[in-house]
Amino acid sequence: MERETRLVQAGRAPEGHEGAVSPPVYRASTILYPTMAAYEKRSERVYTSYGYGIHGTPTTMALAEALAELSGGARTLLLSSGLSAVTQALTAFLRKNDHLLIADTVYGPTRVFCTEVLRRYGVEVTFYDPLVGADIAGLMRPSTRVVYLESPGSQTFEVQDVPTIAAIARARGALVFLDNTWATPLHFRPFEHGVDVEIQALTKFVAGHSDLLLGAVTTRTEELYRVARDGASTFGDCPAPDLCYEALRGLRTLAVRLPHHEASALRIAEWLARRPEVARVLHPALPEDPGHAIWKRDFRGASSLFGVLLRTKSERAVAGMIDGLHLFKIGASFGGFESLVVPVRPVRTARPWQEPGFLLRLHVGLEAVEDLIADLDAGLSRLGTVLTQEREAAR
Ligand SMILES: Cc1ncc(COP(=O)(O)O)c(C=O)c1O
């Protein structure tokens, strides 16, 4: 089946729900058992059925099944946010004295969790240059338990050579984690590239409407799922079935929304790349992008999110530009129907960010692309006006 068809079919069983097209919202904390004997055997069904609300309900399972199928993994575990998916996955697999190799360009709070929490509990954390490729071999230690990738990297969009890094990591006995939120499994199939554990913030493209938080951990095998599941239920994290219902609804239209985001984002990226105010557009689908060759080899498409490096460093001029935008709203996140813009100040240690200029991150929503370009065009004019004022004042 093609991916679009899978998105429509997966996780559905109308015959089990009075013919309803979508599985209804099952809300439950307590699950009742018919007998004492059945209750006392509840641990036998812990991975396959419903024992207590924390392990999910049929609504949760419908979303989990659909996501596992879409990613091509064995099972999916759902968590209360994308960040929780990151932290629970890492916590479930890492122990004191284990070594974690993690890309320098991961999502900021992922980085903070590693430096502030994992290190406190005795995990050794090394950030690596996302362009490391085969040189990851030189960073591996006998104690390296997890190699954690995010590609393209948060904020600066470096594309990693996932198959090369994954092959080396796995040959040395480490597990390979990937935050696949940017691409979604529609555009990057993690398990075909050597990944063991895929993490997604469903908050973004799957939910698609900027109105909920949810995370997913999808594993290559059932055994890995059980480790992740046991870890998360020990901490007591679980998502509300109502939100799983909303996310499943979003998932059904992902294959329609994502190409629209992609096409509009690419047009805007190309338009920005031609502007004199712009030093560089950080978007792997542009042929001049340093990550383009690997992106083209490994990905089936691009996303809505990319960076724009302005030539100026003037905070006043940039504020003049983005404060006055009508369609691009200032706000974190991406994947929703509305366009967003944020200033970005990358935090890096393995490969410090040194490119001059001011970095913005755009998420291109579902508005007409002509309107979005007009909004940015007016913004760049405002930027130019402030820069002229500043030059005149300096004379
Ligand atoms: C790449 C990436 N991973 C994980 C997350 C965390 O997702 P959430 O906002 O659902 O906690 C984000 C949020 O921006 C993200 O950009």
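1. In what order do the strands of the open sheet of 7 strands run? In this predicted model, the order is E1-E7-E6-E5-E4-E2-E3, and the pairing is mixed. The edges are formed by strand E1 (75–79) and strand E3 (124–128), each of which pairs on one side only. Averaged over the sheet and with direction ignored, neighbouring strands are turned by 20° against each other.

2. Strand E7 (residues 215–219) pairs with E1 in the antiparallel sense over 5 bridges. Within this pairing, Gly 215 of E7 is the bridge partner of Leu 79. E6 likewise pairs with E7 in the antiparallel sense, over 5 bridges. Here Gly 215 of E7 is the bridge partner of Ala 201. Because 5 of the 5 residues of E7 are buried, the strand is largely enclosed by the rest of the structure. In a regular strand, side chains alternate between the two faces of the sheet.

3. Helix H3 (residues 58–71) touches E1, strand E6 (197–201) and E7, and its direction makes about 130° with that of E1. Helix H6 (residues 162–171) touches E3, strand E4 (144–150) and strand E5 (175–179), and its direction makes about 170° with that of E4.

4. Helix H4 (residues 82–93) packs against helix H5 (residues 108–118) at an angle of about 40°, and the two axes are 10 Å apart. This angle makes H4 oblique to H5. The crossing of H4 past H5 is right-handed. H4 contributes Leu 83, Val 86, Thr 87, Leu 90 and Thr 91 to the contact, while H5 contributes Pro 109, Thr 110, Phe 113, Cys 114 and Leu 118. By class, the residues of this contact comprise 7 nonpolar, 3 polar and no charged.

5. How do helix H10 (residues 254–273) and helix H13 (residues 369–394) cross? Their axes come within 10 Å and cross at roughly 30°. H10 and H13 are therefore roughly parallel to each other, since angles under 35 degrees count as such. Their crossing is right-handed. On the H10 side the contact is made by Ser 264, Arg 267, Ile 268, Trp 271 and Leu 272; on the H13 side, by Val 369, Glu 370, Leu 372, Ile 373, Leu 376, Asp 377 and Leu 380. The residues of this contact divide into 8 nonpolar, 1 polar and 3 charged.

6. Is Phe 127 buried or exposed? Phe 127, which has its place in strand E3, is buried, with a relative accessible area of 11%. Residues up to four places away in sequence aside, Phe 127 touches Ile 102, Ala 103, Asp 104, Arg 111, Cys 114, Thr 115, Arg 119, Thr 349 and Ala 350. Phe 127 and Arg 348 are 221 residues apart in sequence, with their C-alpha atoms 8.7 Å apart in space.

Terms used:
Residues are numbered from 1 along each chain as its sequence is written. This is a predicted model: local features need pLDDT of at least 70, side-chain atom pairs count only at pLDDT 80 or more; totals for chains, interfaces and linings use all residues. Side-chain values use heavy atoms; hydrogens and water are left out. Two strands pair if DSSP finds at least two bridges between them. Helices (H or I, at least four residues) and strands (E, at least two) are DSSP runs, numbered from the N terminus. Axes are lines fitted to C-alpha atoms, for helices over the stretch in contact, and angles run from 0 to 180 degrees between N-to-C directions. Contact means heavy atoms within 4.5 Å. Angles under 35 degrees count as roughly parallel, over 145 as roughly antiparallel, 65 to 115 as roughly perpendicular and the rest as oblique. A crossing is left-handed if the near helix is turned anticlockwise from the far one by less than a right angle, and right-handed if clockwise. Ala, Val, Leu, Ile, Met, Phe, Trp, Tyr, Cys and Pro count as nonpolar, Asp, Glu, Lys and Arg as charged, and the others, Gly among them, as polar. Buried means under 20% relative accessible area, exposed over 50%, partly exposed in between (1.4 Å probe, protein chains only).
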